[in-house]
Amino acid sequence: MTQTVPIPNGLPTDRDAGPFDPPGEFTRLRESRPVCPLVFPDGHEGWLVTGYDEVRQVLADTRFSSRLDLGIIHVPYPTPGMPPQTEPSPQMPGMFISMDPPDHTRLRRRLTGAFTVKRMKQLEEHIKEIAERHLDEMARLTPPVDLVKEFALPVPSLVICELLGVPYEDRETFQHNAARFMVKDIGLEEKIAVVGALTGYLGELVTLKRAEPGEDILSDLARQDDLSIEELTGIAFLLLLAGHETTANMLGLGTFALLEHPEQMAELRANPELVPGAVEELLRYLSVADVFYRYATEDLELGGETIPQGSTVVVSLLSANRDPRRFDEPDALDVHRNARGHMSFGHGVHQCLGQQLARLEMRAGFGGLLRRFPDLRLAIPANEVKLRTDMNIYGVHELPVTW
């Protein structure tokens, strides 16, 4: 008889092993049953997938649908980590992260030219300049300072604003609304209001760009008449949100992790050429965007289990990235590790479009921070750092540092 795992208040979130490790329950399930049935708080049954190979299979197979308007995968809008709701969710135009081919393909291919490795390489020096400018500003402050406020958040925010053509002076408004959108326990009414505020602002912006396009990604998209204003708004919503939230949290949490592993930080300071590989290892080790939902459109075999059609399937990227079947000593942070194959950017057709941009920002961010602040250290005890356990993208709310 199949044993289900009762989940009384949503998925396990207690990081009992430490601030950088997955919930202990995820680890235990991965070792004993990497594809495991579970029961959601509202009573319906689903599946939790924690093994590396099994997560990779789910993400590669589009029969595990990303659509939020199917079955019981219902969430108000595509937020990683949001528990399924009991009412259907309408598709948000342009939000291709929650679409399947061919709709997903039609929209995503409009953006592939904007995020090519070549184009991102051309931006590398400019991204370094932005990082260095913020490091200059931080160095002029009297410590302690909040690394999130002064560096981790503004660098990727400015980069994505410049790329998309979003006025940087509007950042406080969209950052506030983006942060509210990412709160796990936000009420449906407030979430709808936050989405309305963001889409209202971006709808006006893309309408202006269609009338008077400039030299930015949203203007390039606005020139394409077969994309509706609603689709442009949804694309802008996704790119703006994803373009600063994940990288900002990687810079903040990654710095915290290095400060808590001083021998690894010393290795990077002594050998700056290790920074690109260390970025990959930090991505694997931290996996700030962890939990994603899929929906089985037919009966499917996965890890020796039969996933019935209509099942909600939850995957944990962090658990997969800590699978000892894939990585040796996976719970150790090792800047010398070849972390190739980690799934922190996803896998399959939904693999992160902006991953090369994120890599450049993190290389510039971590590299510059280590070089410019050789005596960087926490200004408070590690157990007092405010973790984003209440958010759908993990990280730190603040990181007080001194030097």
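The model is a predicted one. Arg 15 sits in the loop between β1 and α1. Its C-alpha lies 8.7 Å from that of Thr 389, although 374 residues separate the two in sequence. Beyond its neighbours within four places in sequence, Arg 15 touches Phe 20, Asp 21, Pro 22, Pro 23, Leu 318 and Tyr 394.

Phe 20 leads on to the aromatic rings. A pair of aromatic rings is described by the distance of the centres and the angle of the planes. Five aromatic pairs are counted in the model. Phe 20 and Tyr 285 make a tilted one, with 6.3 Å from centre to centre and 35° between the planes. This pair ties together distant parts of the chain. Phe 20 is in the loop between β1 (5-6) and α1 (24-32), while Tyr 285 is in helix α12 (residues 275-286), 265 residues apart. Both Phe 20 and Tyr 285 are buried. Together with Phe 256, these residues form one aromatic cluster.

Phe 373 and Trp 403 form another pair. Their ring centres are 4.7 Å apart and their planes stand at 65°, so this pair is edge-to-face. Here too, distant parts of the chain are linked. Phe 373 is in the loop between α14 and β10 (377-378), and Trp 403 is in the segment after β11 (400-402), 30 residues apart. Phe 373 is buried, because its relative accessibility is 3%. Trp 403 has a relative accessible area of 26%, so Trp 403 is partly exposed.

The largest nonpolar core holds 114 residues. Those with the most contacts inside this core are Leu 111, Phe 115, Phe 237, Leu 286, Met 362 and Leu 399. Helix α10 (residues 229-259) supplies the largest share, 15 residues. A second, separate core has nine residues, including Phe 26, Phe 40, Leu 48 and Val 291.

The crossing is right-handed. From α8, the contact uses Val 195, Leu 198, Thr 199, Leu 202, Gly 203, Val 206, Thr 207 and Arg 210. From α10 come Ile 229, Leu 232, Thr 233, Ala 236, Phe 237 and Leu 240. By class, this contact has nine nonpolar, four polar and one charged residues.

Thr 199 shows the packing at one site. This residue of helix α8 has its C-alpha 6.2 Å from that of Thr 233, which is 34 residues away along the chain. Leaving aside neighbours within four places in sequence, Thr 199 contacts Met 92, Thr 233 and Phe 237. Asn 177 is buried, because its relative accessible area is 13%.

Among the contact residues are Met 120, Lys 121 and Glu 124 of α4, and Leu 357, Leu 360 and Arg 371 of α14. By class, there are 11 nonpolar, two polar and eight charged residues.

Finally, check the backbone. Most residues other than glycine have a negative phi, and most peptide bonds are trans. A cis bond joins Pro 101 and Pro 102, with omega about 5°. Pro 102 is in the loop between β4 (64-65) and α3 (103-108). Another cis bond joins Pro 143 and Pro 144, again with omega about 5°. Pro 144 falls in the loop between α4 and β5 (145-146).

Ser 287 has a positive phi of about 40°. Its place is the loop between α12 and β6 (291-296). Glu 329 also has a positive phi, near 40°, and lies in the loop between α13 (317-321) and α14. Which of these sites is buried, and which exposed? Ser 287 is buried, because its relative accessible area is 1%. Glu 329 is exposed, because its value is 64%.

Note on methods:
Residues numbered from 1 in each chain as written. Predicted model: local features only at pLDDT ≥ 70, side-chain atom pairs only at ≥ 80, totals over all residues. Heavy atoms only, no water. Core = buried A, V, L, I, M, F, W, Y, C linked by side-chain atoms within 4.5 Å. Buried < 20%, exposed > 50% of the residue type's maximum accessible area, 1.4 Å probe, protein only. Helix = DSSP H or I, 4+ residues; strand = E, 2+ residues; numbered from the N terminus. Contact = heavy atoms within 4.5 Å. Nonpolar A, V, L, I, M, F, W, Y, C, P; charged D, E, K, R; others polar. Phe/Tyr/Trp six-rings, centres within 6.5 Å; stacked < 30°, edge-to-face > 60°. Left-handed = near helix turned anticlockwise from the far one by under 90°.
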